[in-house]
Amino acid sequence: MHNTQVKADVLVVGGGAAGIAAAVAAARNGSSVILIEKNAQFGGKATSAVVGTICGAHYRSSNPESKYVTNGFAREFCEAVSRKGKTTAIHHYQGNLHFLPYKPFPFALVADELLKAESNIRIFHHAVITEVATENGIISSVTFLNYREETTITPKKVIDCTGESTVSILAGIPTSTQEYYQASAMVFTLENIKPSTPVQLSLNIIRALKKAILENKLPPELDKVSLVPGSLTEGSLMLKIALPYLIDNSPNNKTEVEQLGRQAVQKVFDCITERVSFFQDSHLGLVAPEVGTRTGQLSEGIETLTKKDVLECVKHENGIAKGAWPIEIWLPGKNVALQFFDEDAYYEIPAGCLVSKHLENLYFAGRIISADQEAIASARVIGTCLSTGFAAGT
């Protein structure tokens, strides 16, 4: 196999929200950047798992008017998605949360446009890293496979935005792990819905699921189905199933969960289209190709964000990103558990949470920053990932 050798100031691994922001930040600061992404489009879980809402970019507030907590690139990105998708931030009555609904295609288009606007970013899709070589406490090279072509990069700096701490794992340095992680979700779209309201649809879905479970027509663990807020538009609706299956570190776990998730979508679809009049003529639209995994192995930084930092809205002299989303924990078979801090408030993420304590030229952003499990349950959302990504790239 032919191996191509290339150099770059900055290598960004993973093109989700954090990776997009990191690549743009490094490029705008004059660095030559290589961005590699395993999928065919940018967005990470935002597009492949169809999260449906950009959370964490706005304050939690009883004021019905949404107010950005993020500034700079994170706000620039959100505003571009809002314009492209013709959506606006909404105020959700439960918890006084504010977030921006979006559709995956406009999100991916905005990412393409912002990245292409920077001439010093070189992009590789369908690219999977296979080797991380280290020497004297730094990453000396990273090898990836792009279709049948092998490329080895000699970067000055590496930013891991994979959401899985892939660079740390391949480099053989420690990561923060658990036996099990937060439960995942599967999102799908229903088309051709009869005119209704979100409240009506939600109540009818809950009744239909409960009745089917009582009649032994639906597994009881599939009772947690919710509307993605703001997704009801022109006869189309996005639904999210909270999957009851354990997420762990075993090699085939996510594949098995995704297979079960697709089966769950079909069972729930059959149930509600048979039992809810609003859905009798509906059909399946987009089914997310990936499950929405929320947490996983975390990188180890020179500083660690803690639950106390989040709940007490701690500010730091070296703070580089603001967090305004509550601690949001999903356990298999349980309803979501939210831990709030004050409204119209935020905490700061210190710069050291993005800097490896093991390798001098490794940084990380997004869902794998150095944090405890409760803190990352707040900082993992898209709005905050955009902010930590841009900070890491800067």
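**Exercise 1.** Find which residue stands opposite Phe188 in strand 13.

*Solution.* Phe188 faces Val287 of strand 13. Strands (E, at least two residues) are DSSP runs, numbered from the N terminus, as are helices (H or I, at least four residues). The model is predicted: local features need pLDDT of at least 70, side-chain atom pairs count only at pLDDT 80 or more, and totals for chains, interfaces and linings use all residues. Residues are numbered from 1 along each chain as its sequence is written, and side-chain values use heavy atoms, leaving out hydrogens and water.

**Exercise 2.** Describe how strand 10 is joined to strands 12 and 13.

*Solution.* Two strands pair if DSSP finds at least two bridges between them. Strand 10 and strand 12 (residues 237–242) run antiparallel and are joined by six bridges. One of the partners in strand 12 is Ile241, bridged to Met186. Strand 13 (residues 283–287) is also antiparallel to strand 10, with three bridges.

**Exercise 3.** Explain why strand 10 is largely enclosed by the rest of the structure.

*Solution.* Buried means under 20% relative accessible area (1.4 Å probe, protein chains only). Six of the seven residues in strand 10 (residues 185–191) are buried, so the strand is largely enclosed.

**Exercise 4.** State which residues touch the most other members of the largest nonpolar core.

*Solution.* A nonpolar core is a set of buried Ala, Val, Leu, Ile, Met, Phe, Trp, Tyr and Cys residues joined through side-chain atoms within 4.5 Å. The largest has 57 residues, and Val12, Ile54, Phe77, Phe107, Leu305 and Leu386 touch the most other members. Helix 1 gives the largest share of this core, nine residues.

Technical notes. Buried means under 20% relative accessible area, exposed over 50%, partly exposed in between (1.4 Å probe, protein chains only).
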